[in-house]
Structure formats: C-alpha cells, structure tokens
Amino acid sequence: MAPLLGAWAIGACSEEETRLVLEHLPECAVCAEETRLLARAAPVLHGGGRLPPAGLRASVLSGAFERRRPVVRLPEHVAPYAAQVSMLDALLAELTEPDWTTNVIYDWNVQDVVAHLGATDRLLAEQLTEQDAPDVDARTAAEIAFERGRRPEETRGSWREHAQELCARLKEATPSTVHIPFPMRLENAVVARAFETWVHATDIAAAVGRSLPAPLPEHLHAIADLGVRSLPAALAMRGVETGGQARLLLEGPGGGDWLLPLGGDGPNVTIRLDVLDFCMLAADRRDPTKVEATIEGDSPLARHLLSAASAFAGP
C-alpha cells in the first residue's frame, strides 16, 4: 500500500486507487500516520507554502508514473482487473531482491508467479484476435523458464506490459467466447483474470510478510458472482447429480444473495458464509470441510457445493 499512499498524497491516483486508499486507512494505523506525514509535503508539491524548485512536481509525477503507470479508463467489466493489476504492481514495487526468491505456491517463487500471470494475460490478449484454444500450462512453463534467467524488475516489467496490452485490447473488444482454459464469455474471462491476479497478489503478500486490502466491494461482488454462477457446472464437473435449488447468502462488503436452480426436483439448501471466505474457497485457498458456513436444509448438498466451488481453480 505504501506506493499508493505517496501517489495519493500528490493526486496521482485513479478514482479506484483513491477509494482503495480511503477504505484502507481506517483499518491501518501505520498507513494513517504515513498519510499525515505525506500531507505536510503535499502542499509544497501543489504550490502551497514556500515555492518549490521549478519543475519539481513534474519530475516527481514523472518518477511516480515510471514506477507505477496510471490506470487508463476502461469499460466497467474491466475495472476489477485493472484495479488488481495496479495493486499487485504497487506490492511488487516494495519487494526487496531476496523477497523475489521467496517460495509462494507449488515450487514457484514470487518471480515465477508473476511470470505465470503474465503468460495467462498474454494468452487472453491473443485470444481476442485468434481462435485456437491455448495451452495455458505449456505457456506458463515456457514463460517461467524464460523469466528465471532475467532480473526480477525485468519480469515485473514484462508482466506489466502484458497486462497493459490486454487492457488496451479489451477497451475495443466486442463480446465473444474465449478459452482460458475453459470456454467462457469474454466478460467472465476478464473477471476471472481479476480473480486470479488478486489471489496471487494475496499469495505473494502472505509469503513476504505483507498484507493487502480486499478488492473494492463492487469488484469483489463481480468476482463472487462469477464463482456462484459457476457452481452448477462445478457440480457437474465433479460428477455430482442433484436437483432442487441452493441459496447462497454471502456476507460482508461485496456480498449478496443468490438463488441457484439445480434442475428438477430435489432438496433445497441455504448456505451463509463470508464473501471473502467464499472467494478464497473458490480459489482453493480454503478447506471446504473447515470453512465457517451456516447451513439450513440439506447438509449433504451444501457440502457438495462447498467442495465443488474450487473445481475451476487453476495454478
């Protein structure tokens, strides 16, 4: 969050980044104190008090944008992805050289995870002009092997370029079906990219001893909505045959109330749990047998739903 605080103090944040900062400050005394210190310097950069040297503000903003480029205005369905790219980039800017070699997940260190994200972003960008279904695993393996021979900052720059290319193509893209790696509507694929970027940013933050704020409520709602709507297909993928309907009440900012018809007659169930827990469950970052959930109705059906939530989770 530190790089965002400096940019926020001099008015260099986008509207979404500003909201992230303002929602984070009441929960973090350290960041709140830093903003008070930055507030004393900000008027100087804006021309208040003693006049700064000529060109100081321009040079500071230029340096800030060189480290973390501003987010361009994008269609509404792309906003969650763009926000998570910006948040991860801010986190990566804080990392030391040893941080980049920290194991995060599987046998991947931070640099490997960033390479994986870049590979998948690039594949989706290519899908907007090509129809061949990509091999995500093969592209990830090739990208990781290549990036391991480069410096972390080069890997970060390559990932950021892939993300910016994807955002540029999405700005003009028309609705279509893509395969990353499952067939889905483009709008859903973009939310899935936001989801994976957020989850891996959280993985990296935890591995290097840092913390990140949750996505904005409307962005988190879009991610949760994708996860909930995927549940019937997830049950089918796991070979679970059922009927009736399920109601999911996801609590907390960004949550909501969903009613899922599961086909034909059958048991009904209501599941109530925290929206962040549900999203992390769908990302295979929570144990479905241990996640805190209140169940009303058919308990076996509820357990099938919770277990199947991660059916589409990838590396």
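Helix 6, residues 110–127, packs on helix 9 at about 175 degrees, with the axes 11 Å apart. Axes here are lines fitted to C-alpha atoms over the stretch in contact, and angles run from 0 to 180 degrees between N-to-C directions. Helices are DSSP runs of H or I, at least four residues, and strands are E runs of at least two, numbered from the N terminus. Helix 6 and helix 9 therefore count as roughly antiparallel (over 145 degrees).

This is a predicted model: local features need pLDDT of at least 70, side-chain atom pairs pLDDT 80 or more, while totals for chains, interfaces and linings use all residues. Residues are numbered from 1 along each chain, and side-chain values use heavy atoms, without hydrogens or water.

Who touches whom? In helix 6, the contact residues (heavy atoms within 4.5 Å) include Val113, Leu117 and Leu124. Helix 9 brings, among them, Ala189, Arg193 and Ile204.

Next, helix 5, residues 79–94. Its axis and that of helix 9, residues 186–207, come within 8 Å and cross at roughly 20 degrees. That makes helix 5 and helix 9 roughly parallel (under 35 degrees). On helix 5, the contact includes Tyr81, Leu88 and Leu92. On helix 9, Arg193, Trp198 and Ile204 are among the partners.

Last, Asn109, in strand 2, residues 108–109. Buried or exposed? Asn109 is buried, because its relative accessibility is 17% (the cut-off is under 20%, with a 1.4 Å probe and protein chains only). Its side chain reaches the backbone nitrogen of Gln111 at 3.1 Å. Beyond four places in sequence, Asn109 contacts Trp100, Thr101, Thr102, Asn103 and Val104.

Technical notes: Buried < 20%, exposed > 50% of the residue type's maximum accessible area, 1.4 Å probe, protein only. Polar contact = N/O pair within 3.5 Å; in protein donor to acceptor, adjacent residues only side chain to side chain. Parallel < 35°, antiparallel > 145°, perpendicular 65-115°, else oblique.
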